[in-house]
Amino acid sequence: MYFDFVQCHIPAHIHVAAQNCYKGEKGPFTGEIAPRMLIDIGVKWVILGHSERRIIFKESDELVAEKVDCAHKCGLKVIACIGETLDERKRCKTEEVVTRQFGVIASTFKGDWADIVLAYEPVWAIGTGQTATPEQAQEVHKAIRCYIKKSISSDVAENIRIQYGGSVTAENCRELASQPDIDGFLVGGASLKPDFVKIVNARKNNCILC
């Protein structure tokens, strides 16, 4: 019944994403969610590499990369999260961290980059009320795009969507969205508030995913 409800009432232009899945298509992985399980219930996207998965569940860069590759091979599109901790930012390691995290994904992934969305989420700004300034966020997004141009291709760098995630609100969304390398938002708590519509309306190129 729930499956029928989802199929009948979600508009075609809105897609449901899972918050995680495992690196194996199928097998005896008790308690884990296989990519095929998500596809079977009509889910088209999955979020992988979220900071809470990396920190709380100790998911390594390598495991995240394996998950991304497996999910895509199974037919899912992926929102892959990267981002630095407050300590890493204070030590001026931001660019080193995000390019390392993405670099492992890039070295493993063999599919179509059009099916991958990157989400830069500074760990220190998630759910804390702190937000990277538009200039800070743009600086990191630009660095990521430059790295992609060098490590993959200019075409991928130009067309891949890079979202910002980290205490996005109705008050700061427009200024963030105006930055040239920010293509949308990965929204958490703010998506539960009526003002979320302001964040949706701040989008450019119809590329907000949350």
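These legends accompany close-up views of a predicted model.

**View 1. Overall fold of the predicted protein.**
The protein contains 10 helices and five strands. Its C-alpha trace spans about 45 × 40 × 35 Å along the principal axes. A compact globule of 210 residues would have a radius of gyration near 17 Å, and the protein, at 17 Å, agrees with that. Buried residues account for 48% of the 210 residues. Among contacts with a separation of 6 or more, 68% join residues 24 or more positions apart. The accessible surface comes to about 11300 Å². Carbon and sulfur atoms hold 54% of that surface.

**View 2. The largest nonpolar core and its neighbour.**
The largest nonpolar core has 46 residues. Those with the most contacts inside this core are V46, V68, I144, Y164 and F185.

**View 3. Surroundings of V68.**
V68 is one of the residues with the most contacts inside the largest nonpolar core. Which residues does V68 touch, not counting those up to four places away in sequence? They are L48, V78, A80, I105, F109 and I116.

**View 4**
Strand β3 covers residues 77-82. Five of its six residues are buried, so the strand is largely enclosed by the rest of the structure. On one pairing, β3 runs parallel to strand β2 (residues 45-48), joined by four bridges. Here L48 has A80 of β3 as its bridge partner. On the other pairing, β3 and strand β4 (residues 116-120) are also parallel, over five bridges. A80 stands opposite L118 in β4. V78 has I116 of β4 as its bridge partner.

**View 4. The two faces of strand β4.**
Side chains in a regular strand alternate between the two faces of the sheet. Which residues of β4 lie on one side, and which on the other? I116, L118 and Y120 are on one side, and V117 and A119 are on the other. Both faces are covered, and these residues are all buried. Five of the five residues of β4 are buried, so β4 is largely enclosed by the rest of the structure.

**View 5. Pairing of β4 with β5.**
Strand β5 comprises residues 161-164. Four bridges join β4 to β5, and the two run parallel. Y120 stands opposite Y164 in β5. Y164 is also among the residues with the most contacts inside the largest nonpolar core.

Y120 lies in strand β4. Is Y120 buried or exposed? Its relative accessibility is 1%, under the 20% limit, so Y120 counts as buried. Leaving out residues up to four places away in sequence, Y120 touches I82, G83, E84, R89, T94 and V98, among others. Further contacts include V140, H141 and I144. Q163, Y164 and G165 are touched as well. I144 is another of the residues with the most contacts inside the largest nonpolar core. S107 is 13 residues from Y120 along the chain. The C-alpha atoms of Y120 and S107 are separated by 19 Å.

Conventions:
Residues numbered from 1 in each chain as written. Predicted model: local features only at pLDDT ≥ 70, side-chain atom pairs only at ≥ 80, totals over all residues. Heavy atoms only, no water. Core = buried A, V, L, I, M, F, W, Y, C linked by side-chain atoms within 4.5 Å. Buried < 20%, exposed > 50% of the residue type's maximum accessible area, 1.4 Å probe, protein only. Contact = heavy atoms within 4.5 Å. Pairing = 2+ DSSP bridges. Rg over C-alpha atoms; globule rule 2.2 N^0.38 Å. Areas by Shrake-Rupley, 256 points an atom, 1.4 Å probe, with all protein chains shown as cover.
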